[in-house]
Amino acid sequence: MDEQLLYSKNVNENPCHMCMPMGGILPFKGIEGAMVIIHGSQGCSTYMRRHIAEHFNEPVDVGSSSLNEKGTIYGGEANLKQGLDNILRVYNPKLIGVLTSCLAETIGEDVERITLDYRKEKGLEDFPVVAVSTPGYGGTQNEGYLLAVKRIIMELARPTEPHNKLNIIIPNISPADIREIKRILALLDIEYTLCPDISYSLDRPLVRPFTKISTGGTKLADIAKMPGAVATIELGVTASTEESPGHYLSEQFGVPCYQVPIPIGVQNTDRFLQALTAITKRDIPDSLLMERGRLLDCMVDSHKYNFNGRSVIFGEPELVYSLAVTCVENGIFPVVAATGGSDRLTQLLAPIFEQYKQEIAILSKADFATIRAKSVELGANIAIGSSDGRYLTEREGISLVRIGFPIHDRVGGQRLLSVGYTGSAMFLDRVTNTLLGNKYGSYRRSMYEKYYQTGNTPQSIGGAV
Amino acid sequence: MEAALDIKERNPFIATKGKQKVSLRCDADSISGCVSQRACVYCGARVVLNPVTDAAHLVHGPIGCSSYTWDIRGSLSSGDDLYRNSFSTELQEHDVIFGGEPKLSRAIDEIVAKYQPKLFFVYSTCIVGVIGDDLEAVCKRSAQKHGITIIPVQSSGFIGNKSAGYRAACDALLRLITPEQPLPRKANSVNYLGDFNLAGEAWIIRNYLTEIGVSVNSVFTGDSNFDSLREATAGSLNIMQCAGSMTYLATKMQDEFQIPYLRVSFLGMEDTADSLRKIADYFGDPAMLARAEMLIARETEATSPIIAAYRGHFNGKKAAVYVGGGFKAISLIKQFREIGIEVVLIGTQTGRPDEYDTINDLVNDGTVILDDANPAELERFMTQQGADLLVGGVKERPLAYKLGIAFIDHNHDRKHPLSGYIGAVNFAKEVYSTLCSPVWNYIYDWGGENRG
């Protein structure tokens, strides 16, 4: 594909992705009583905390083994063990996640062995420590996220008697989105284990007393029982089988795994509900069908405005996939769909776009220099993605509808609701209103510039709107 | 001494004024597992150099380092905007194993072809330090090839803390400004060190200096560029705002180019007036001094009533301060005094012994002083000391809010100036807008319990 040629293999100019440990932190924040430490130099944890704190507007504590020169040369084992000691003392966690940084990986630290030794030395054999190898040069935050979820399940899951609960693997979506999924599950009267679940811990109500580790998150006991579940629904279609936590549960424990996209848009939400009803044999309640009808009504109300939208969508592959499908079904035709990571996005999206005769650039391993150039070339007029796309607005005048992670130049990243029929309608309204805002904000001037002529030159019909 | 949350290694970094003779430990490595608020060497270097507007800032390392620092500062430019891009060699496993030098030199070639920058800063990150890429050699070769200036910044994350990064940045700047031939000195001119032109702060100060008859030769590094920095040694005096990042450079410039330096602060009315007088005094020109007094009188007259009006709202309020550098912390104690607020907790990430001595002299008995604090300590001491307000950066903000405490941004990406008289008003206004917001009256439990 000639799009790939645009991407320089030597320079990344304005990154559209982050590193593995960043993604690795998030799932731990959605596990009951968990605390994380990054084995590496101090900056990694501080920068990631800053990014996450700004998106969620929540305190985000992440330890660091604060490796210095000595630790780098002679090995950081002592540092990491001291770090674990201090985390246990101050935070009294129920589980500790240990993520590696580039530095720890490069000097060859075996965190799995170190943490095992540590537990033995301290008589903490039963205390769960989840070591995850997340070298910053080994993948993007997306892979770090998936791997952390998988490793948490690998560490805690135990062969269990079959039970009625359904496993749902949650990708990096907002706390509000997770709450909406829970609401839908409650409407269908389904028992479930959501993993991970940041819906409370990274969108904490202001209540007293303040606790250093937020309550909420998936219970350790529930994760232990995931192998006994009826089935797993993994909200994600872009992960490879090796990366997929749902696939792991299926391989190891025979739990059937259904992969469905993040339920944004009518088709994707239908697929989620179809999976739920197929597994549980429950009927979809009328109230939810009503919400579906309202989404269809919203789509019809907005279709003409949306049909003028030429979108550029970027971010984590899973979200880009769902948003691209949603844009297509609403006529907000994507001209650029881009992710900083995975090639699988191209494979999945290419067939969907084949039926449309417009040119679309599906970019993997993209940076914002490429995304920007393609957006301009293909005439994008609305951008959909994280705050890092604000340069498309600032430099090219393409308005940005914020969704995904990170959102650091606006408040409320944690409250953005975009999944389910209701969330999809809210997302669509945000897009439509942005397009309308652009039109109304400039049409007096643009009409004047186009049509007000002092002479008698005949007007061309080429520029009709 | 207050117990440091069961981590005895932290005790030497915490003191209470009046309880004991303060000999606070500082400038040491962070303790593992303590959730330090500090960043790394690379971060220190990047934040100092990033405001150089026409430079290509190329991070030689994995993607994260570049991703998290892309346009991280609210530094403004009057011209170029190349500095607002974040370039990275995005090292992959293959590069880590076989070395990243070829990729780096190709990356430089590509950026030169696309943007033709006069100047590069090439930052090393943790793994570059470990795999041993010879940054110096690659930069030298590429510089010769393209006939431009390419400066390696030795900022591997693990070689120290943020202060080491400041030093690496200063070393890079020194290489840039050292002239082949000594430059003639410009009379009554200053280099303004340690202002990064956040929200136009360097412009505000330059206007003051111009008014009193002092020309600003170079700014380090706010709204600076290749040409203006190369003129630096023509300045006759260095004035230094951010001591944490610039003391090293100021000392070097004094030794190597015989340019003396003055510590100044433009945070708050008192410090701003003192600094303007100090500068005018240095030049020993009575007319300049008279103009400075006129400026101070005019601005004080305009500003004082506004500040006084705000002060009326702040009776009995107590502040906590946790910022990057010691000199900023000192200024903030005075600035809070101007608006009638007592500082009951003060700490920094990179303060030095003499700065902590000054802090100890300035604060009242009972004030807690801490170096390299963490969220658990901030929580404990803010609560214990009854702070109504915290000054800090992005990471500290949600903690304060969750504790029901007001908050002032003193971070790198704020969008409002805090320097000079306009900054003093902005500061008081921001304190007012957070401390006196009606929301705090409604933050109570259901049924009105636990009010306040």
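Predicted model: local features only at pLDDT ≥ 70, side-chain atom pairs only at ≥ 80, totals over all residues.

Student: OK. How many residues of chain A are in contact with chain B?

Tutor: On the chain A side, 67 residues make contact, and they meet 69 residues of chain B. The area buried between the two chains is about 5,900 Å². Carbon and sulfur atoms give 56% of that.

Student: Which residues of chain A lose the most area to chain B?

Tutor: A:Asn10, A:Tyr47 and A:Arg208. Together they account for 14% of what the chain A side buries.

Student: And how many salt bridges across that interface?

Tutor: Five, by the rule used here. Over all chains, the structure holds 45.

Student: Can you show me some that cross? Which residue does B:Lys402 meet?

Tutor: B:Lys402 pairs with A:Glu58, with N to O at 2.8 Å. B:Lys402 sits in helix α16 of chain B, residues 396–402. A:Glu58 is in the loop between α3 (42–56) and β3 (63–64) of chain A. Another salt bridge joins B:Asp413 and A:Arg50, at 3.1 Å from N to O.

Student: Switching topic. What domains is chain B divided into?

Tutor: Domain 1 covers 8–25 + 314–414, domain 2 covers 41–177, and domain 3 covers 189–299.

Student: How many residues of domains 1 and 2 of chain B are in contact?

Tutor: Five residues of domain 1 of chain B touch seven of domain 2 of chain B. The two domains bury about 510 Å² between them, 47% of it on carbon and sulfur atoms. Within domain 1 of chain B, B:Thr350, B:His412 and B:Asp413 lose the most area to domain 2, together 82% of what that side buries. The domain centres, taken over C-alpha atoms, are 33 Å apart.

Student: Now helices. At what angle do α8 and α17 of chain B cross?

Tutor: Roughly 135 degrees, and their axes come within 8 Å. Helix α8 of chain B is residues 201–212, and α17 of chain B is residues 420–435. The angle makes α8(B) and α17(B) oblique to each other.

Student: Which residues meet there?

Tutor: From α8(B), B:Ile204, B:Ile205 and B:Tyr208. From α17(B), B:Gly420, B:Tyr421 and B:Ile422. By class, that contact has five nonpolar residues, one polar and no charged.

Student: And α13 of chain B with α17(B), what's the angle?

Tutor: Roughly 70 degrees, with axes that come within 11 Å; α13(B) is residues 326–338. B:Leu332, B:Gln335 and B:Phe336 of α13(B) touch B:Gly423, B:Ala424, B:Phe427 and B:Val431 of α17(B). That contact divides into five nonpolar residues, two polar and no charged.

Student: Last one, over in chain A. How do α12 and α14 cross?

Tutor: At roughly 120 degrees, with axes within 8 Å. Helix α12 of chain A is residues 266–280, and α14 of chain A is residues 317–329. So α12(A) and α14(A) are oblique to each other.

Student: Who makes that contact, and what classes are they?

Tutor: A:Val266, A:Gln267, A:Asn268 and A:Arg271 of α12(A) meet A:Tyr321, A:Ser322, A:Val325, A:Thr326 and A:Glu329 of α14(A). The classes are three nonpolar, four polar and two charged.

Terms used
Residues numbered from 1 in each chain as written. Chains lettered and ligands numbered in written order. Heavy atoms only, no water. Axes fitted to C-alpha atoms, helices over the stretch in contact; angles between N-to-C directions. Helix = DSSP H or I, 4+ residues; strand = E, 2+ residues; numbered from the N terminus. Parallel < 35°, antiparallel > 145°, perpendicular 65-115°, else oblique. Contact = heavy atoms within 4.5 Å. Nonpolar A, V, L, I, M, F, W, Y, C, P; charged D, E, K, R; others polar. Domains from an automatic or database assignment. Buried area = accessible area lost by both parts, 1.4 Å probe. Salt bridge = Lys/Arg side-chain N within 4 Å of Asp/Glu carboxyl O.
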